[in-house]
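Subject: Structure for your review

Dear colleague,

Please find below the structure that I am handing over to you. My findings follow it, and I would be grateful if you read them alongside the structure.

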Amino acid sequence: MAQVQQAADARAAAQSRVRLELLTELVRKDLKVKYKNSALGFVWSMANPLLYLAVFTLVFTFFLPNGVPRFAVLFMAGFLVWSFFNSAILDATGAVVGNANLVRKVRFPRVVLPLASVGFAGVHFALQLLVFFAFLVPFYPAAFGPQLWLLLPALAVAVTFTVAMSLLASALNVRYRDVQHLLEIVMLAWFWLTPIVYPVTVVRDRLAEEGLLWLFRLYMANPMTAVVVASQRAIYNHPVVTVDGTARQVLPAAGYGFYLQWLGVAAVVSVALLLVGRWAFRRLQADFAEEL
Amino acid sequence: MAAPTIVAAGVGKRFLLHHRRATSLKERLLLHRQSSSEAFWALRDVDLEIGAGQTVGLIGPNGSGKSTLLKVLSGILAPTTGTVTVRGRIASLLELGAGFNGELTGRENVYLNAAILGLTRRETQRYFDDIVAFAELEPFIDNQVKHYSSGQYVRLGFAVAVHVSPDILLVDEVLAVGDESFQRKCLAKIAEFQQRGCTILFVTHALDLIPRICSRGVVLDHGRVLHDGDPVEAAERLRSLLGTGVDQSGGGAAAGADRPRVAAVRLFDPASGAEKGHFRGGEAMAVEFDVAAPPGAAPMAVRMAITGPADVPMWVMDSDPLHPGPDGTATVRFTVKELPQIKGIYAFAVAVRDPSSNLTYDARRFSEAFLAVGDTDTGVLEVVWTAEQVER
């Protein structure tokens with residue numbers, strides 16, 4: 001009898017707990033729906049980063065040369081992880097609202113909806129990263145050194161921060177649909193405030209010239225900056241370059257301490273935000289079925 | 001008896017009826033002062049304990065909170081007050097195929113829907129063939145669901161919901177959709193679940209189903225539990241609440257001033273003569289019909305039929321020809337010595353006819369007039385009756 005009860009309790013829990021199987025099934029669904037009836041399918045997921053790469057390389061090596069050798073590598077190192085963050089957040093914002101028919105009618109853990117958005121963006125990110133590395137093998141072999149390990153903590157922080165923001169955005173958007181519109185603008189500003197298309201040292205040096213070096217700490221406290229800069233250090237293995245005989249810093253430090261330190265700050269921020277996000281989601285989800 | 005599967009303790013659900021709902025931040029700020037919202041309690045102090053294996057019929061007038069209660073029990077809505085404890089997997093037949101995505105094939109949707117209902121991929125693989133066979137969709141399972149007919153869609157949703165081996169099945173008016181063979185299949189499946197010891201909570205407006213299927217009936221009204229217990233009493237209670245007891249008489253189409261018609265009907269207990277709305281199996285019942293005919297009309301006869309579900313006549317009683325008085329009226333009394341002891345809800349219909357030509361002058365039906373409770377589901381309906389003309 002007790003066993004029967006336990007089994008029943010387990011089945012009840014399976015309907016309210018986040019299960020990996022449910023998550024993969026939802027991500028699989030999103031992928032299938034997105035690429036159904038499309039001849040090129042997954043190839044399209046490469047189109048967006050390639051377009052950005054072409055445009056920014058044209059602008060910053062030809063129209064407004066910023067003097068960074070192999071700018072394409074530096075740009076892609078930061079852009080791919082940003083792109084994961086960006087598309088996960090924007091997708092997660094509409095995740096609960098967009099699945100209103102499910103939320104209003106079926107018992108299941110609602111938190112899988114924003115998580116599936118992160119997973120969906122993660123699958124694309126993984127593929128893009130794979131293709132990027134395939135290009136690096138012949139064109140930038142310097143990337144494959146011990147510094148590449150830095151990518152692991154950077155990605156761990158990126159995923160934590162993305163999940164935290166996704167939970168907040170998706171839950172808040174049910175109550176205030178403004179979140180969606182607000183985020184579209186905020187993400188654009190955030191993109192430019194993160195050192196993706198320009199080296200972070202430009203910011204540091206400009207602030208130092210103005211005597212505002214303390215502001216640089218604030219700038220680095222943005223978790224995405226820490227993630228992007230660490231990813232750049234992991235892949236773009238030329239922290240100091242020599243241009244026309246003068247040494248120039250592209251990345252703020254040749255060692256790893258600087259990056260790990262700021263990743264640590266970002267990790268603390270991310271975990272705190274994750275706790276807030278989980279709390280907010282739980283609090284707000286009771287009303288989802290009514291608000292939709 | 002096993003431990004309760006569903007326990008609702010002091011459950012209340014309050015909805016805020018916003019006269020102007022702020023859906024954006026701006027509106028929320030602007031409307032802050034004048035935000036006029038009214039609290040509306042869809043459920044109030046609901047205490048319900050449902051043991052494993054019980055089949056409970058949940059009935060009530062429209063807007064009484066039945067669907068809200070199901071949604072609270074299934075965890076879709078959070079209760080405002082009180083707590084809900086559920087042991088076991090819930091499958092709800094509230095919205096069949098709610099999680100389907102039209103772009104995906106039937107096969108892909110089965111896997112997705114089963115995952116949402118709490119199954120692992122391996123479990124789904126095990127049930128997959130049964131699901132497809134039950135839905136009768138073998139040739140179409142790899143077609144996109146958006147090309148399905150609504151019947152195919154509902155069948156697939158139902159097939160998934162009943163194959164996830166639920167411990168608790170919530171059924172909300174599914175029997176109102178689908179064709180007759182599908183409804184029969186639903187009922188057969190529900191019976192199978194009952195045998196397997198599944199707990200079933202069943203919302204319906206078809207009151208005759210309640211005594212047939214349920215072991216317990218719960219009547220909700222304005223969010224409160226009015227009755228919890230015997231299913232037949234529950235149906236009776238609701239019927240008196242709805243005021244659909246005796247007189248739902250619709251005038252016969254053929255009725256006219258120049259033709260005989262049924263003028264009045266009285267139901268009463270033949271022993272005491274007291275008027276009574278509902279009768280139970282084993283009781284005696286008397287029905288008096290006043291028939292009004294134009295002066296000098298030919299003799300007429302009254303036929304009374306006891307009808308079962310779907311107004312099928314089950315027993316037909318014909319009176320002898322009546323002889324109207326000088327004012328053209330006559331009264332006939334049918335007395336049934338003992339109502340049948342078979343579970344169910346019966347009604348009766350009455351017709352005024354010309355005994356020689358069998359022409360019907362006027363016919364009326366009285367829905368859900370009496371209930372019969374007995375130990376048996378089936379049996380021979382044996383009605384002992386008399387009909388006599390009475391002088392008033």
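What radius of gyration would a compact globule with 292 residues have, and what does chain A have? For 292 residues the value for a compact globule would be near 19 Å, and chain A has 21 Å, which agrees. Please note that this is a predicted model.

Chain A

The C-alpha trace of chain A spans about 80 × 45 × 40 Å along its principal axes. Chain A contains 14 helices and two strands. Of its 292 residues, 40% count as buried. Where contacts in chain A join residues at least 6 apart in sequence, 81% of them link residues at least 24 apart.

One helix pair in this chain deserves a description. Helix α10 (residues 200–209) of chain A packs against helix α11 (residues 213–221) of chain A at an angle of about 150°, and their axes are 7 Å apart. Because angles over 145 degrees count as roughly antiparallel, α10(A) and α11(A) are roughly antiparallel to each other. On the α10(A) side the contact is made by A:Val203, A:Arg204, A:Leu207 and A:Ala208, and on the α11(A) side by A:Leu213, A:Leu215, A:Phe216 and A:Tyr219. Seven of the residues in this contact are nonpolar, none is polar and one is charged.

The contact between the chains

Chain B contributes 32 residues to the contact and chain A contributes 28 residues. On the side of chain B that touches chain A, helix α3 (residues 106–116) of chain B supplies the largest share, five residues. That side of chain B divides into 15 nonpolar, nine polar and eight charged residues.

Chain B

Helix α8 (residues 231–242) of chain B has 12 residues, which at 1.5 Å a residue should span 16 Å; its end C-alpha atoms are 16 Å apart, so the two agree. Among the buried residues of α8(B) are B:Pro231, B:Val232, B:Ala234 and B:Leu238, as well as the charged B:Glu236, B:Arg237 and B:Arg239.

Two backbone positions also call for attention. Most residues other than glycine have a negative phi. B:Asp45, although not a glycine, has a positive phi of about 50°, and B:Asp45 lies in strand β2 (residues 37–51) of chain B. B:His222 is likewise not a glycine and has a positive phi of about 50°; B:His222 is placed in the loop between β8 (216–221) and β9 (224–229) of chain B. B:Asp45 is partly exposed, with 14 other C-beta atoms within 10 Å. B:His222 is also partly exposed, with 14 other C-beta atoms within 10 Å.

Yours sincerely

Conventions:
Residues are numbered from 1 along each chain as its sequence is written. Chains are lettered from A and ligands numbered from 1 in the order in which they are written. This is a predicted model: local features need pLDDT of at least 70, side-chain atom pairs count only at pLDDT 80 or more; totals for chains, interfaces and linings use all residues. Axes are lines fitted to C-alpha atoms, for helices over the stretch in contact, and angles run from 0 to 180 degrees between N-to-C directions. Helices (H or I, at least four residues) and strands (E, at least two) are DSSP runs, numbered from the N terminus. Angles under 35 degrees count as roughly parallel, over 145 as roughly antiparallel, 65 to 115 as roughly perpendicular and the rest as oblique. Two residues are in contact if their C-beta atoms, placed from the backbone, lie within 7 Å. The expected span of a helix is 1.5 Å times one less than its number of residues. A residue is buried if 20 or more other C-beta atoms lie within 10 Å of its own, exposed if 12 or fewer, and partly exposed in between; C-beta atoms are placed from the backbone. The radius of gyration is taken over C-alpha atoms; the globule rule is 2.2 Å times the number of residues to the power 0.38.
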